[in-house]
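Please read the points below with the model open. They are short notes, arranged by region.

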Amino acid sequence: MTITRAEILAVGSELTTGSTADTNAGYLAAQLTGLGVSVLRMTDLPDDLAAVEDALRQAVGRAQLVVSTGGLGPTPDDLTREAIAAALGLQPAVDERQERRLRALFRRRGLEMPDANLKQAWLIDGASALTNRRGTAPGWWVERTDGGLLVALPGPPSELQPIWRDEVLPRLRARGIGEDRAARTLRVSGVGESALVALIGEDVLRAENPQVATYARPDAVDVRVSAVAAGGRTARELVDVTVERLLPAIGQHVFAEDEEGWPEALGRRLGTRRLATVELGTAGQLLALLGSAPFLQYGQLLRSEVATDHASEHLGLYAERVREMSGVDIGLAVRAREAGGDTEVEVAIAAGDGTELSRRKAFLAGDLGRRRAALAACAVLWEWLDRPRGQANRVH
């Protein structure tokens, strides 16, 4: 049976009470999606035997692969082993090899193993232990009687991820996992998510294969195109054809793809040119966004009160001066000012042949408005780099 459907169950009352954020589910979902597996559900559960048993029984009925995280410790509220055994109608028992391993771990530390830890040596019929080199709790690999799999992993990410990488992935690949799947993400600026619906078309957004979906992110709106191989065409072919059909409508707004952000997008358009920036009223958000980019040679932050003390024309002087002082190709100055609950953004760009000034409005004020002002400055520069000079307001 090739595994194409999975569910993830995260066990721990610290998750359902909000005391701890569940990062494991996102990690596993990304891993499984990359393998061509559809993740049907991700569920957080309390340390309650009946709740975990019920969730496991339902998940086993829907998915070929069920992955649980957490609840493998030695304490009474660590109930994942008991829940798995009950859901599958089996009885756990101490595995002598695992007991020897556990006792050796404690002896190495000069300690006597508490009786409570003995449950970490349990196994059930059809299960084998997944070695945990960073903790006392081994995982479980369970071959289900229906041909599916159940994998139980410890909760700490420092233990879970090595077990997944070193123990689970090789077994999954050897067993057969995933469909031919592919995806591309187009990162969009200058148009909102609702406006994208009109540009893309509801018929395209409702199609099942390839799927086109939009997601609002802090730094962009993402358009994700994903597909499963069908009709004699590979998943990659279906995705690429769909992207080509989308570009005439939204291509002018696409600044990056997949995991790329503004540093990568601006770096491509800048080429060998170098940039220096000066910020007023942004609390250094632009430098925080671009600070590690190799093209940024210098970044200066001026006092926030300066943002209200100078006319727009003076912003162009800042851009010119920071360019000349740094000896770079392009100087950029950005100013953010709160206005009516939003943030007014002005961006001046100097390149030695004059200075261009652009104005934008960022939604909301405060820290979020300042962050969006930095993103607006990136968008202005990105557009400026692709435009013949002289098509914006020029300040001298």
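In which sense, parallel or antiparallel, do strand 16 and strand 17 pair, and over how many bridges?

1. The model is predicted. Strand 16 and strand 17 (residues 355-362) pair in the antiparallel sense, over eight bridges. Within this pairing, Ile-349 stands opposite Glu-356 of strand 17. The two strands form a hairpin with four residues between them. In that turn, Gly-352 has a positive phi of about 95°.

2. Strand 16 also pairs with strand 15 (residues 330-339), in the antiparallel sense and over nine bridges. Here Thr-343 of strand 16 has Glu-338 opposite. The hairpin of strand 15 and strand 16 has two residues between the strands, and Gly-340 takes a positive phi near 60°.

3. Strand 16 runs over residues 342-350 and is mostly covered. Eight of its nine residues are buried.

4. A nonpolar patch on the surface is formed by Phe-363, Leu-364 and Leu-368. Together these residues have about 270 Å² of accessible area. Leu-368 lies in helix 13 (residues 366-385). Its relative accessible area is 39%, so Leu-368 counts as partly exposed.

5. Gln-98 belongs to helix 5 (residues 96-108). Is Gln-98 buried or exposed? Gln-98 has a relative accessible area of 11%, which is under the 20% limit, so this residue is classed as buried. Leaving aside residues up to four places away in sequence, Gln-98 touches Ala-121, Ala-129 and Pro-138.

How values were computed: Residues numbered from 1 in each chain as written. Predicted model: local features only at pLDDT ≥ 70, side-chain atom pairs only at ≥ 80, totals over all residues. Heavy atoms only, no water. Patch = residues over 30% accessible without salt bridge, like charges linked within 9 Å, V, L, I, M, F, W, Y side chains within 5 Å. Areas by Shrake-Rupley, 256 points an atom, 1.4 Å probe, with all protein chains shown as cover. Salt bridge = Lys/Arg side-chain N within 4 Å of Asp/Glu carboxyl O. Buried < 20%, exposed > 50% of the residue type's maximum accessible area, 1.4 Å probe, protein only. Contact = heavy atoms within 4.5 Å. Pairing = 2+ DSSP bridges.
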